[in-house]
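Morning, everyone. I have one chain to show you, and I'll keep it brief.

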Amino acid sequence: MNNNLENKKEEIKENVPFSSGEKGFAVFWLLFGGFFLWRSLLLYQEHPGLSSCAALPLFCSGVIVLCALIILVSDRKAKTPNSGKSVSVQLKQTIKNIFPSDIIVTIVLILLYCIALYMGLGFYVATPIFLWISMCWFMRSRFAANGFDKSAFAKIAVKNLIWTVICILFILVLFTYLFSVVLP
């Protein structure tokens, strides 16, 4: 029984290819971990010892590098949808897979939110706008499935406005009054 289960797992693993960019993610972690391993080694040279401030970063970055290397070695022969294609096609498909429209819109909204805070709009003005627009964007399938449905959008917009007010009140009570945090 156990051997049969292992055979099925191997069949599934062999038949399901990696998505575009999935194998490259281990390369990202290797580079990321390698940079911080280097920085940790420099810190460890200044403060040697197992109880120093450099011990934990050195350990964590070493684990990241080790895991990334294990993943790279174990998955090196695995097939992907990009196998045998040119580098430019691989790059385009990988970027398309890694950055779907929801991710791009979220990044743009976060950047606009940061710009609004930097320009002095204030937390209690910028945050509700950001939350409301974000919630409306992520619920767009409910009002834009077969064209733009104004009545469905109105219902969702009001519902999102109510949730935005609840979130802002929660933040206000928790951080401003309970923890005495001054928000930007």
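The secondary structure of this chain comes to 7 helices and 0 strands. Helices here are DSSP runs of H or I with at least four residues, strands are E runs of at least two, and both are numbered from the N terminus. Read from the N terminus, the order of elements is α-α-α-α-α-α-α. The radius of gyration is 24 Å, well over the 16 Å that the globule rule gives for 184 residues, so the chain is more spread out than a compact globule. That radius is taken over C-alpha atoms, and the rule is 2.2 Å times the number of residues to the power 0.38.

Ground rules next. This is a predicted model, where local features need pLDDT of at least 70, side-chain atom pairs count only at pLDDT 80 or more, and totals for chains, interfaces and linings use all residues. Residues are numbered from 1 along each chain as its sequence is written, and side-chain values use heavy atoms, with hydrogens and water left out.

Back to the overall picture. Along the principal axes, the C-alpha atoms fill a box of roughly 55 × 55 × 45 Å. Of the 184 residues, 18% count as buried. Buried means under 20% relative accessible area, exposed means over 50%, and partly exposed is in between, using a 1.4 Å probe and protein chains only.

Now, how many salt bridges does the structure hold? It holds 1. The criterion is a side-chain nitrogen of Lys or Arg within 4 Å of a carboxyl oxygen of Asp or Glu. The partners are arginine 140 and aspartate 102, with the closest N and O atoms 2.9 Å apart. Arginine 140 sits in the loop between α6 (123-138) and α7, and aspartate 102 in helix α5 (residues 101-118), so the pair ties together parts that are 38 residues apart in sequence. Arginine 140 is partly exposed, at 26% relative accessibility. Aspartate 102 is partly exposed too, at 27%.

One more residue: threonine 164. Its place is in helix α7 (residues 150-178). Is threonine 164 buried or exposed? It counts as buried, because its relative accessibility is 2%. Its side chain reaches the backbone oxygen of asparagine 160 at 2.7 Å. What does threonine 164 touch, leaving aside neighbours within four places in sequence? Pro128, Leu131, Trp132 and Met135. Contact means heavy atoms within 4.5 Å.

That's my tour. Over to you.

Terms used
A polar contact is a pair of N or O atoms within 3.5 Å; within protein, one must be able to donate a hydrogen and the other to accept it, and residues adjacent in sequence count only if both atoms are side-chain atoms.
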